[in-house]
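This briefing concerns the predicted model shown below.

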Amino acid sequence: MSEVCKFCGGPELRPDMVEVGPMPGGTLYLHRDQTHPGRLLMVSARHVRKITDLSPEEYASLMDSVYRAAQAVTSIYQPDKINYLVFGDTSTHLHIHIVPKYRQGKDWGKVFLTDEPDPVYLTPQEYQDGVSALRRQLGLKETEGV
Ligand SMILES: [Zn+2]
């Protein structure tokens with residue numbers, strides 16, 4: 001039985017994230033749960049289960065994009081630290097959580113929860129503003145609305 005992958009299928013499969021845009025090695029998304037302002041997800045361009053399924057070149061491209069996304073989020077949101085997490089015990093498509101942390105914010109000094117029991121959602125305009133700011137910072141083109 002085949003199931004359409006959340007990251008390979010259409011955007012309707014990803015209601016929990018807003019696309020920022022494609023980058024070398026992956027696609028960047030703004031997570032809708034903004035408990036940690038600026039929380040992002042970098043999804044591998046290729047459907048692989050784990051980092052070691054990538055070629056060294058693919059890995060380098062993906063990680064360079066993670067670095068650039070982290071620089072952008074640092075410029076815009078000015079977090080005190082960024083956490084990078086790759087779990088994927090149950091996911092079939094490699095992705096990296098990029099989670100800005102703030103000294104005065106939730107989970108400082110602890111591991112954040114991927115599924116917040118009490119998520120913080122923004123207005124459509126606030127998501128659009130965040131995505132636009134990230135695109136500008138990363139030199140990605142502006143596409144249709146969120
Ligand atoms: Zn996939």
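The model, which is predicted, contains an open sheet of five strands, ordered β1-β2-β3-β5-β4, with antiparallel pairing. The edges are taken by β1 (17-23) and β4 (81-85); each has a single partner strand, so one side of each lacks a neighbour in the sheet. Direction ignored, neighbouring strands are turned by 20° against each other on average.

**Pairing within the sheet**
- Strand β3, residues 40-44, runs antiparallel to strand β5, residues 95-101, and four bridges join the two.
- M42 has I96 as its bridge partner in β5.

**Helices against the sheet**
- Helix α1 (residues 56-77) lies across β1, β2 (26-31), β3, β4 and β5.
- The direction of helix α1 is at about 165° to that of β3.
- Helix α2 (residues 124-138) lies across β1, β2 and β3.

**Zinc site**
- The zinc ion has four protein donors: SG of C5, SG of C8, ND1 of H47 and ND1 of H93.
- These donors lie 2.0 to 2.3 Å from the zinc ion.
- The site is tetrahedral, with angles of 102 to 119° among the four donor atoms.
- For four tetrahedral donors, the ideal angle at a metal is 109.5 degrees.
- Along the sequence, the donor residues of the zinc ion follow the spacing C-x2-C-x38-H-x45-H.

**Aromatic rings**
- The charged end of R32 sits over the ring of Y127, at 5.0 Å from the ring centre.
- Zero aromatic pairs are found when the whole structure is searched.
- In general, the distance of the centres and the angle of the planes describe a pair of aromatic rings.

Definitions and conventions
Residues are numbered from 1 along each chain as its sequence is written. This is a predicted model: local features need pLDDT of at least 70, side-chain atom pairs count only at pLDDT 80 or more; totals for chains, interfaces and linings use all residues. Side-chain values use heavy atoms; hydrogens and water are left out. Rings of Phe, Tyr and Trp (its six-membered ring) pair if their centres lie within 6.5 Å; planes under 30 degrees apart count as stacked, over 60 as edge-to-face and the rest as tilted. A charge sits over a ring if NZ of Lys or CZ of Arg is within 6 Å of the ring centre and within 35 degrees of the ring normal. Two strands pair if DSSP finds at least two bridges between them. Axes are lines fitted to C-alpha atoms, for helices over the stretch in contact, and angles run from 0 to 180 degrees between N-to-C directions. Contact means heavy atoms within 4.5 Å. Donors are N, O and S atoms within 2.8 Å of the metal (3.2 Å for Na, K and Ca); water is not among the atoms, so sites may look incomplete. Four donors count as tetrahedral if all angles lie between 85 and 135 degrees; four count as square planar and six as octahedral if opposite donors are over 155 degrees apart and all others between 65 and 115; anything else is irregular.
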